[in-house]
Each structure stands twice: as structure tokens, then as C-alpha cells.
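Visitor: I'm new to this one and would like to learn how to read it. Could you walk me through it, one feature at a time?

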Amino acid sequence: MALPIAVVLGFLFAGESEVWAHLADTLLARYAGNSLLLSLLVAVGVISIGVPAAWMISFYRFPGRDLLSWLLLLPLAYPAYILAYTYTGVLDYAGPVLTWMRESNAPDWLMAPILNLKSLPGAALMLSLVLYPYVYLMARAAFLDQSANLMEAAYTLGQTRWSVFRRVVIPMARPAIAAGTLLALMETLADFGTVQFFGVQTFTTGIVRTYYGFGDAVGAAQLSSVLLSFVVVLVVFERLSRYRVRYYSDRLRKLNQASLHISGSRALLAQTLCFLPVCFGFLIPTSLLVYWTAFFAELQSLWAVTLNSFVLAGGSSVLIVAVALMVAYANRLYPSKWLSHLTVLVGLGYALPGVVIAIGVLLPFSAIDHWISDRLQPFGVAPSLYLSGTIFALVFAYVVRFLAVANGNVFSGLSRIRPSLDHSGRLLGLSQMGVLKSIHVPLMRGSVLTAILVCFVDILKELPATIMLRPFNFDTLAVKAYALAGEERLIDAAAPSLLIVLVGLLPVIWLNRSVSKE
Amino acid sequence: MDNAALIIRDVSLTYDKTAVIKNLSMTLKPQELGCLLGPSGCGKSTLLRAIAGFQSLNSGEIWLDDQLLASTTQTMPPEARGVGMVFQDIALFPHLSVAENIEFGLTGWPESSRRARVSELLQLIGLPGLESRYPHELSGGQQQRVALARAMAPKPNLLLLDEPFSGLDTELRSRLASEVRTILKSDGICSLLVTHDQREAFDFADRIAVIHDGHICQFDTPYQLYHEPTSPFVAQFVGPGEMVDAVIVGPRAVDSPLGILTNDTDLEFANGSLVKLFLRPDDLIHDDDSDYHATLVGKHFRGAHHLYEVRLDNGIVLGCFAPSHHNHAIGEKIGVTLDIEHLVVFPTH
């Protein structure tokens, strides 16, 4: 599993190709600069959308609060690139919005930003609109986790409401907000569809361009290794802030009655703050997608693609969860330091951009293909692709990328089955297999199904790895949407996009259920 | 009302729509250490939260140092009351060091006096040199002492302590209660402790209010509560003891299963009335030389002494203290003798 990571990391220290020298001279700075600027803007975006929303939901009661608290999660169902396609479709020069604005003589300063949507700030906006739920979720959990007594202690020490927020609530939620932001940044660095469509040159587009445009696999791998080191830095910070989240939350009396009822203009402000992200991140684009699909889509051409997608995603996610189960049981039955370190390493896959994994899979696989072809040539067999360019390579990449997702669910499910349950089962006369059958299977069913569902959706959304590794002429929903959008047929891209979003809603709804249960 | 720091007058409170405190009144003198003692759910914590300002009143008034803290129409916000509080779950700010926690409430103090106050308090709680530690690096007892210092730092007019020792183990609990008493006495802060543990209350308080069913049963010194309870509830809540039936046979005499007993003052009951006599284990003591014998039916070794349960000839079982070295077997007949200074007599219902 660690093969692609190892391959890519290997190139961090490999010799320089000619193209790499050129890259380093001219493009590397641009890729790095754009990636960093994009990350910075997304960080500002997700924090300024996610934190106020979490704040309102956690500390105030107002009409519509319960509904908004889960509506705010819905944009998670959107891959950023679909949002980008949708908004471009409705906001382009000949589109309805700008046409209407021109007719009603809207001022230039209002139209200019809309015309310039296809830009780095535009990409940052799209990414922020779908990624803020990470910050919202983490911040909300942190706010709700804070002990009411801590706030009351601050009041008895003479602090006003504002000072309590400034000196207690915000500092204590800071690690959680940081963790949510870092998750959003990992997704930002991994994004390919949005930046590619908006023509922003970042690492991911650079890697694809180097690989296909310059035909330089080594250069692409070296770019990947630089991107990988960016990601590793983020992962380290994310782990650190998670650690702090853990030690800040303890078993104190939780905040319940402390939330303040507000009404009138203050309630309206809270409602607006919470409704705007939902509106722009979900309601508007979904309405557009539904409208376009209903009136313009040729659905029959979509069947084959949908079938491809579902079979591929379904098969892969079952395989991934099977691997995760094996890893989890290996850890449980034969616990060792070595194994748990390996598990952490495998878990890194999720932080890796799909582009990086694709490169990491392509290079060794095509080397193997060459080797096999060379061996078979004397027997008159024409050179062919045995691994790369097959479904196998694609599924392997999915396993590497999404194993961590499955692991998370399976491990937490398994850790809830305390060893004492196994022991009582054995003492009551069950064999090892019997314990597995009558204790573990029923208790694990929920987490396994969840793991499959989450992997399924992630695979459905995954764009760059699929584009780079899919067999020739094998289209999925994401690839189809990407291809149609690339041909500026944005309205035709609506149907596959809508399908991805609708399926993507399932885990969001599940997530909300599990959050509100707590 | 002269010579009173805290005045609670006719206060009623509800918690989750149930009335938990009903027309309760009490006062604390300046520098007095008071205690609200009662079983869990009796409303004592709700009363404390009302004094701190986290709970509104359904009736009555609360005054502190001639200033109205709360009435049904007027509520001073918690931060303006000058009331400090130590919480059951300690509630130290996990993101701040010990020193930063203690000086949290010292907003507006000049830097130098802030620092002086912090080191003075660390000295007082016996933890000098721990300024830069973080709460999770301290033991439970140390954390609780820091929480106390934090609450004392702004020199509050009243300090509230909400079951502050309940998270600690029994030994530490009692020791810390006496320690905190010493610290508060030396600072002269009027304080009110809430607890359900009578030992903790005895270790801490000058006067204890026993709360039951929303009102105060008795507000007295620990000694009086134990030896002169005014109601059966207080008698049985504050330490062990047994009720036995008795009959009044004179102005100062009752006829009981232990014979005729006399009191040092008049009993306020008519001759011949049936009463309940309350006997504590220290009223009946083990004495090998006594002519009166009882059967040992249960024993609890307490280290420094035994608490025996003995059955008298008439079948009544009573508690009885015995010296640690008098180790008798269950079923043995042992000599007992009475050591009663004051009779505790209640009417039969």
C-alpha cells in the first residue's frame, strides 16, 4: 500500500531531468505561489464562513436553528469542481445573470468580479463554499464541548460576556478550528478539477501537464514529491491540533441551557449568517443542476457511464473495507508497534492528492509493463499494458487513497467491542469463530456499512486519479462531467454532476444523524 | 440587619420547572464559614447558583454587604456581584497556566500588584513555584487549591464552594476541607460551602444549614447538629444513630428500653406521652466491667475504634463504640454502659 508514497518520496532525492531543470527555473515558483495563495484564501474563506455559523448555532436559539444546523452540512456533498462548473454555467458572459445585469445597466464594478470568476480568487471561493463544513463541524463540536462551568467561572471572576468569548471560548476552540482548516487545506491542495477548469496553475495541474504535456514522468514525480512535502507539513500540524483538541475537552458539565434565546433583528442576523453558505454552497447550484437536468439532459447516454461508476465504486469500496477489516483484525489479534506504525503510514493515503497517487501508481506499474513486454517480445507478443491502464491500477489507487477512510470507521467500530466482550463470549462457550459470528458481525455491521458508503461516495467524486489511471474509453460520472465541462458543454455536464451530488448527500445525512445523536 | 454579610430572604427557586427551594431564609456573618448540607437533589446547588447569579429567583431577595444582588424584579449580572466560586469539576482554564488562571480575574490591576497577588496566593495554598505549570500537569488536590486561589484572587466579598472536594478520594477530601478552612479563615473571606458529606461539612464550617425538601431544617454549629438535632431528619442525616420508643415519666425523665433516663434540662412533653428517643453510638459504650450485657451482632472496624452493633435483651439493636483493642467475636455477650449527657427526644407521629 505504501508503494506509491515510497515511489514519489524516492523522487524527492532523485537526479534532475532536463524538464525538471526548466520547471524549477520557471514554473515551480508559480505552482508553489499559486498553491500557497489559494490555500491562504481558502483558509480565510472557510474560517470566516464556518466559525460564525458554528458560533450562532452553538450559543444562540433562534427560529430555524435546528434546521440550519444540518443544512449547513449539505455543501459537503459537492466536489468543488462541480460547483465551479455550475456557477460558470450560470455566470458566463452570455449567461442569464450577466445578460440581465447588462440589460438593467448594472455598474461595471459589480459585473467585473462575476466575469472574472474563472480565476484564483474564484477557485478559492468555490473551494471555500464546499469545504467550510469541516471548520463548521469542528468548531461546533468544540463550542458544544466546552464546559458551562468554565464560562461561569469566568463570569464569577468579573468578566463580561464579550471578554469571556475572547479569553475563554475562542482560545479553547482554536485547536479545533485549526484542525478543520487544515483538513480543508488538504482538500485544496488535492483539488484538480476546479483549478484546472479555472486555469489556475497549481501543483496538481502542473503535475498533469508535465506528465501529459511534456511527457516527462520523472519531472511529474518530482513535482509530486514537492507537493507531498507540503501535505506532510499539513498532516503534522493537523495531528498536533487534534492532540490539543483532545486534551482541552474533558469530562466537564456540558453546555446546554447556556444558549441564549434571540429574536427580532438579532435572530435575522443569525439566520442570514447561517443561511448564506447553505444557499450558495447547496441550494442555488442544486436548483440549477436539477433545472438543467430536467430540461436539457439526454439521459440515455448516461446509463453506461452511471453503471461504470457504480460498479467501479461499489466493487472498490467493498474491497477497501475488506482490506481495512484485515488490517484492523491484524492489529487487534497481533498487536505490535510495527503494525500500528504501518497502519498510520497507510492512513496517510487520504491526505495525498489523487494526482500524486496516480503518479505513484503509474510509474512502477508501467515499469513492470515494460519489463513483461521485453520478456515476451522474443515470443512474438506485441508490447501491451498489463497493469497500467487497467481497472486493476485504478482500483489499486483507490485502495491506497481511501483505505484511511475505511480504516477510521472500522477501527472505531472495532474499538467499541471491548476485549471483555470477547472474553465473556469465550467463557460462555463460544469458539473464536463463534465470537466473530455472534458478537462481532452484529456489532460491526453499522460501521462496515458506513465505511462502504463513505468510500463509495469518495470514489464517485474522485477526479484526477480516475482521469489518469482509467482504461482507454472507460468513463465514469466524474470523468464525464469533467470532459463535458472541458468542452464548455456545462449544461450537459449537469446530469452526471447532479447524480454525484445526490449520492454524495447520503453520507452527509448519515454524518448529521451521528453528530446530532451525541 | 446589622452584622450580616449575606442575607437570603424568603427565596424560592425552581429547577427544570420543579420547585426545589421554598421560601428559604438565612444569613451569614462577616468572615463566617457557612455550609449547606443535604442529600443530592435537595436544591442546595441551585441556591448557590442563584447567589452567584446563574439562576433567577421566583420569590425573595438576596443581599450581600447591603447591596441587593437579586430579587424577582432586579438581577445583578454575575460578573458585577463580587462573588467568587469554586466549582465541583474544578473548571480551571485548560489553555492557561497556573499563574494565568489565578490572575484571570485581576483585569485592571497593575502588572506589579497582579504578580504580587499571584505569588501571595500560591504561598497561601502551599504551591509556590508552580506558576508556569498547566492544569493537566497537576494532581486533583493541587488543581482544587489553584481553583480556590483563582476564586480568591479578586478579593470577593463572598466565596461560594460547590461540592469542591467531591471528585477527590475520601482521605484527601477531609484533609483539604480543613486546609481550605484554615486558608479562608486567615484571609477572612465570608464563604458558603455546598456538600452532601457531613464529615466534609464538619471539617469546614462554623455553622451548617441542613437542607431537606427545599427548606432549612436546622442552622447550627457542627456540635449542636450532632448532639442536639431538632428534627428526626437532621438526627439521622448527621451521623449514625437509632430511634427507640420511650414514655415520658417526669419533667426530666423518660422510661426507655434501657431503663429510666434523666435529662439535665426540662423536656417539653406532657407526662405519659409516647416519644421517640434518639441514641447515637457514642451514647452507649462498651465496658467490660459493666453488669449490663448485650449480644454483639455486627462489627465495623474503623481503625481507631470499633463500631459495634449490639442486641439488647429486649431485642432492640443499637450502635455502640468500643476501643480499638477490644476485639470481640460476633455472638459474644459484652458489657455495655450508658454515657448520655443530653437526651434527644422527638414526638411520635
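Guide: Let's begin with burial. A residue is buried if 20 or more other C-beta atoms lie within 10 Å of its own, exposed if 12 or fewer, and partly exposed in between, with C-beta atoms placed from the backbone. Keep in mind that this is a predicted model: local features need pLDDT of at least 70, side-chain atom pairs count only at pLDDT 80 or more, and totals for chains, interfaces and linings use all residues. Residues are numbered from 1 along each chain as its sequence is written, while chains are lettered from A and ligands numbered from 1 in the order in which they are written.

Visitor: Is Ala151(B) buried or exposed?

Guide: Ala151(B) counts as buried, because it has 26 C-beta neighbours inside 10 Å. You'll find Ala151(B) in helix H4 (residues 140–152) of chain B. Helices (H or I, at least four residues) and strands (E, at least two) are DSSP runs, numbered from the N terminus.

Visitor: What does Ala151(B) touch, leaving aside its neighbours within four places in sequence?

Guide: First the rule: two residues are in contact if their C-beta atoms, placed from the backbone, lie within 7 Å. With those sequence neighbours within four places left out, Ala151(B) is in contact with Gly84(B), Met85(B), Val86(B), Pro156(B) and Leu159(B). Take Met85(B): 66 residues separate it from Ala151(B) along the chain, yet their C-alpha atoms are separated by 5.7 Å.

Visitor: And where does Gln88(B) lie?

Guide: Gln88(B) lies in the loop between E6 and H2 of chain B. Gln88(B) is partly exposed, since 18 other C-beta atoms are within 10 Å. Not counting residues up to four places away in sequence, Gln88(B) touches Asp162(B), Glu163(B), Pro164(B) and Ser166(B). Compare Tyr134(B): it is 46 residues from Gln88(B) in sequence and 19 Å away in space, C-alpha to C-alpha.

Visitor: How should I read a phi angle?

Guide: Most residues other than glycine have a negative phi. Here Ile90(B) has a positive phi of about 70° although it is not a glycine. Ile90(B) lies in the loop between strand E6 (83–86) and helix H2 (98–102) of chain B, and is buried, with 24 other C-beta atoms within 10 Å. Gln31(B) also has a positive phi, near 65°. Its place is in the loop between strand E2 (18–28) and strand E3 (33–37) of chain B. Gln31(B) is partly exposed, with 14 other C-beta atoms within 10 Å.

Visitor: What about sheets?

Guide: Strands of a sheet pair through backbone hydrogen bonds, either parallel or antiparallel. Two strands pair if DSSP finds at least two bridges between them. In chain B, 5 strands form an open sheet in the order E13-E12-E11-E14-E20, with antiparallel pairing. Strand E13 (259–262) and strand E20 (344–347) of chain B stand at the edges with a single partner strand each, so one side of each has no neighbour in the sheet.

Visitor: Which residue is the bridge partner of Ile248(B) in E12(B)?

Guide: That's Val254(B). Strand E11 (residues 242–248) and strand E12 (residues 253–256) of chain B are antiparallel and joined by 2 bridges. Elsewhere in chain B, 3 bridges join strand E15 (residues 284–286) to strand E19 (residues 333–338), again antiparallel, and His286(B) stands opposite Val336(B) in E19(B).

Visitor: How do I read a nonpolar core?

Guide: In soluble globular proteins, nonpolar side chains tend to be buried together. A nonpolar core is a set of buried Ala, Val, Leu, Ile, Met, Phe, Trp, Tyr and Cys residues joined through C-beta atoms within 7 Å. The largest one here has 244 residues, and Ala139(A), Ala397(A) and Cys455(A) touch the most other members. Helix H7 (residues 120–145) of chain A gives the most to this core, with 17 residues.

Visitor: How many residues of chain A are in contact with chain B?

Guide: 18 residues of chain A are in contact with 18 residues of chain B. The largest share of chain A's side, 6 residues, comes from H8(A).

Visitor: And how confident is the predictor?

Guide: pLDDT is the predictor's confidence in each residue, from 0 to 100. Chain B has a mean pLDDT of 89, and 99% of its residues reach 70 or more. For the complex, the predictor gives an ipTM of 0.75 and a pTM of 0.76.
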